[in-house]
Amino acid sequence: MRTSSIVLFLTLSCSVAACRDEQAGPKPRTQRLPEPARARILDAAPSDLTFRAGTTFAGGSVVYLGSKVTPANAAPGQQVQLSHYFQARAQPPQGYGFFVHVVDVASGGMVVNADHEIQDGAAPLATWPVGKVIEDVHVVPMPNAPARVMLGFWRGDERLAVDDASAQDGANRMLGPQLGGAAPALPEYVVRRAETAPRLDGVLDDAVWKTATPVVLKGSFDGRAVRLRTEARLAYDDAYLYVAFDCEDPDVWGTLRKRDDPIYEQEVVEIFLDANADGRTYNELQVSPHNVQFDAYFPARRQGMDLSWDSGLTSAVKVRGTLDDASDKDEGWSVEMRIPFAKLAEVPRVPPRPGDKWRFNLYRLEHHGRKTVEGQAFSPLFVGDFHALPRFGWLTFQ
């Protein structure tokens with residue numbers, strides 16, 4: 001932390017005839033900056049901590065005493081105050097900043113990055129007096145699903161070592177208090193058998209789509225209503241899973257043209273399928289407004305992405321407007337997908353039998369004004385990660 005002082009000298013100059021009498025009225029004052037904030041130093045931590053730790057960093061030189069969450073039972077989205085208490089038991093290490101991560105318990109994804117300087121920079125780690133207690137207070141929104149506060153100290157590419165392996169996550173993030181209540185129930189989609197397969201032209205006027213149950217996607221992070229409506233439907237027969245998306249969109253666009261291009265960085269619709277519901281192996285299939293396809297196989301969550309895998313996906317897109325022209329207003333775009341069961345990973349039975357249950361999710365990425373990104377999902381994730389497999393919904397075959 002660097003401290004600088006700026007002294008501003010005001011020099012008044014004038015001619016002899018025009019100078020005023022400096023004895024008349026108050027004399028000019030030197031402008032002073034506010035005094036730097038003083039660190040809040042305590043003799044002991046409060047007695048009403050809601051989470052008690054006593055775990056240490058750096059060979060016992062710094063102890064994390066615990067935290068207090070206020071209010072303890074806040075509603076999802078409500079601001080809660082986190083008060084953390086530390087004590088230096090030896091000269092603390094130099095040059096470390098402070099981090100706080102709120103992590104989803106089920107998926108491990110980060111819900112909130114609350115990194116900040118302790119006491120707004122008034123109490124950096126290196127300045128802590130030995131034997132005294134340092135308090136740090138900040139606020140975060142209460143998560144919608146069970147989450148864990150993880151905290152610690154960082155310098156460059158390293159983190160200050162946590163002494164007890166059971167008190168950290170394996171990456172030197174100290175385990176702090178838990179936040180959030182029970183996770184919302186996972187939604188279920190009952191997929192009906194198609195008597196007649198749809199004609200793949202991107203127009204959703206086939207009989208199968210008229211009988212399939214429609215579902216409207218929600219905000220992927222929090223389940224809230226979204227700005228532009230996306231409606232999806234699914235159906236199946238002995239050989240294929242059929243998926244339809246209908247997207248409201250005033251500006252339909254995309255610049256990527258090659259198969260397996262990272263179309264997930266632009267506007268796209270997606271389906272993730274975990275056929276054996278093991279929470280590990282799964283497939284990701286996407287289609288862009290230009291009918292560019294992306295498909296990948298994952299042997300584990302976000303690991304070993306295999307782009308050489310060929311899903312056998314057939315798709316069609318219908319744009320209601322002028323593609324790639326931001327000067328006019330479009331109505332939207334629709335997509336039909338035909339996915340062979342036999343190509344998917346770890347399919348228990350082909351064809352699926354009535355009552356079989358898969359895990360899956362549907363997504364849309366919309367770039368409002370080609371800038372602000374909005375994620376939509378069938379099953380909201382409550383983390384910023386479309387690969388949060390524990391939050392996938394259920395696909396039940398009728």
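Reply: The protein chain carries 43 positive and 51 negative side chains, and 5 Å separates the centres of the two sets. The model is a predicted one. Its protein chain contains 1 helix and 23 strands. The radius of gyration is 29 Å, whereas a compact globule of 398 residues would have a value near 21 Å. Of the 398 residues, 47% are buried. Among contacts with a separation of 6 or more, 66% are between residues 24 or more positions apart.

As to the aromatic side chains, the whole structure holds 20 aromatic pairs. One of them joins Phe86 and Trp128 in a tilted arrangement, with 5.7 Å from centre to centre and 35 degrees between the planes. This pair links distant parts of the chain, 42 residues apart: Phe86 belongs to strand β4 (residues 79–88), while Trp128 sits in the loop between β6 (110–113) and β7 (133–141). Phe86 and Trp128 are both buried.

Phe86 also pairs with Phe153, here edge-to-face, at 5.6 Å centre to centre and with 65 degrees between the planes. An angle over 60 degrees counts as edge-to-face, which is why this pair is given that name. Because Phe86 lies in strand β4 and Phe153 in strand β8 (residues 147–155), the pair ties together parts that are 67 residues apart in sequence. Phe153 is buried, as is Phe86.

These residues belong to one aromatic cluster, formed by Phe51, Phe57, Tyr64, Phe86, Phe98, Trp128 and Phe153.

Conventions:
Residues numbered from 1 in each chain as written. Predicted model: local features only at pLDDT ≥ 70, side-chain atom pairs only at ≥ 80, totals over all residues. Heavy atoms only, no water. Helix = DSSP H or I, 4+ residues; strand = E, 2+ residues; numbered from the N terminus. Rg over C-alpha atoms; globule rule 2.2 N^0.38 Å. Buried < 20%, exposed > 50% of the residue type's maximum accessible area, 1.4 Å probe, protein only. Contact = heavy atoms within 4.5 Å. Lys, Arg positive; Asp, Glu negative; His and termini not counted. Charge placed at Lys NZ, Arg CZ, Asp CG, Glu CD. Phe/Tyr/Trp six-rings, centres within 6.5 Å; stacked < 30°, edge-to-face > 60°.
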